[in-house]
Amino acid sequence: MNPPQPHDKAPRLTINGAVGAILSLDHAALAAMPEADRVADVSAWDPARRGSGVRLAALVASVRPAPGATYLTLHASRDDFHASVPLAAVLDRAVVVTHLDGAPLPVERGGPFRLLIRDHAACQTDEVDDCANVKHLDRIELTPGPGLDTRPRDEAEHARLHGA
Ligand SMILES: Nc1nc2c(c(=O)[nH]1)N[C@H]1C(S)=C(S)[C@@H](COP(=O)(O)O)O[C@H]1N2
Ligand SMILES: [Mo]
């Protein structure tokens, strides 16, 4: 891959949809969030994951969700992957992983931003499953009811996705 060109914009995480205020943050802004809103080591949540991040609840609170916003629709434009999960079910148990060893989370690790849900269900067993741990996350959309969801719906689709 070519090195980033000077005109490349720093990646941003946008939170929009049914909100009072749209938020768009780069790595520096996410790193500067209050200590209480950050998770210094996500391996405490999931031993298989590394890095630091921001509590989903803090990001959602900052945008002032509309009363009717009941779902979070997570968008990864990089590979056109999307998942929509009930807001109440994930709000207090998810973190957006933003950094690894002080640098932006690499793409190979699901960066530049990646959702991580604590105690998620196994793939395809629940609305809040491992498949909802969206990598290359660039937009979190608050939606009135379920939004776009391209998670694999059966074993064959799942195998195809992971084998790709
Ligand atoms: N952008 C993006 N995020 C994604 C996927 C994907 O294909 N694209 N696959 C999902 C699925 S089906 C699973 S099970 C987990 C796997 O995460 P891992 O590769 O870190 O184990 O990522 C989820 N997040
Ligand atoms: Mo999955």
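## Ligand 1 and its polar contacts

Arg49 places a polar side-chain atom 2.7 Å from an oxygen atom of ligand 1; a polar contact here is a pair of N or O atoms within 3.5 Å. Asp79 has a polar side-chain atom 2.7 Å from a nitrogen atom of ligand 1. For Arg114, an N or O atom of the side chain is 2.8 Å from an oxygen atom of ligand 1. Taken alone, ligand 1 exposes 540 Å², and the protein buries 84% of that (accessible areas by the Shrake-Rupley method with a 1.4 Å probe).

A word on conventions: this is a predicted model, where local features need pLDDT of at least 70 and side-chain atom pairs count only at pLDDT 80 or more, while totals for chains, interfaces and linings use all residues. Residues are numbered from 1 along each chain as its sequence is written, chains are lettered from A and ligands numbered from 1 in the order in which they are written, and side-chain values use heavy atoms, with hydrogens and water left out.

## The shell

Around ligand 1 there are 15 residues, and the closest are Arg49, Asp79, Arg114, Asn133 and Lys135 (a residue is near if one of its heavy atoms lies within 4 Å). Sorted by class, this shell has 6 nonpolar, 4 polar and 5 charged residues, with Gly counted as polar. Helix α4 (residues 155-163) supplies the largest share, 3 residues; helices are DSSP runs of H or I with at least four residues, and strands are runs of E with at least two.

## The pocket

Ligand 1 sits in the second largest pocket, meaning that more than half of its atoms lie within 2 Å of the grid points. A pocket is an open set of points on a 1 Å grid over the protein atoms alone, with protein on both sides within 12 Å along at least five of seven lines; lining residues have an atom within 4 Å of a point.

This pocket holds about 300 Å³ of space, the volume filled by probe spheres set on the points. Of its 14 lining residues, Phe81, Asn133, Lys135, Leu161 and His162 lie nearest the centre. Helix α4 gives the most to the lining, with 3 residues.

## Backbone notes

The Gly111 to Pro112 peptide bond is cis, with omega near 10 degrees, and Pro112 is found in the loop between β8 (103-104) and β9 (114-117).

Methods. Polar contact = N/O pair within 3.5 Å; in protein donor to acceptor, adjacent residues only side chain to side chain. 1 Å grid on protein atoms, 1.4 Å probe; cavity = no way out; pocket = protein on both sides within 12 Å on 5 of 7 lines; lining within 4 Å.
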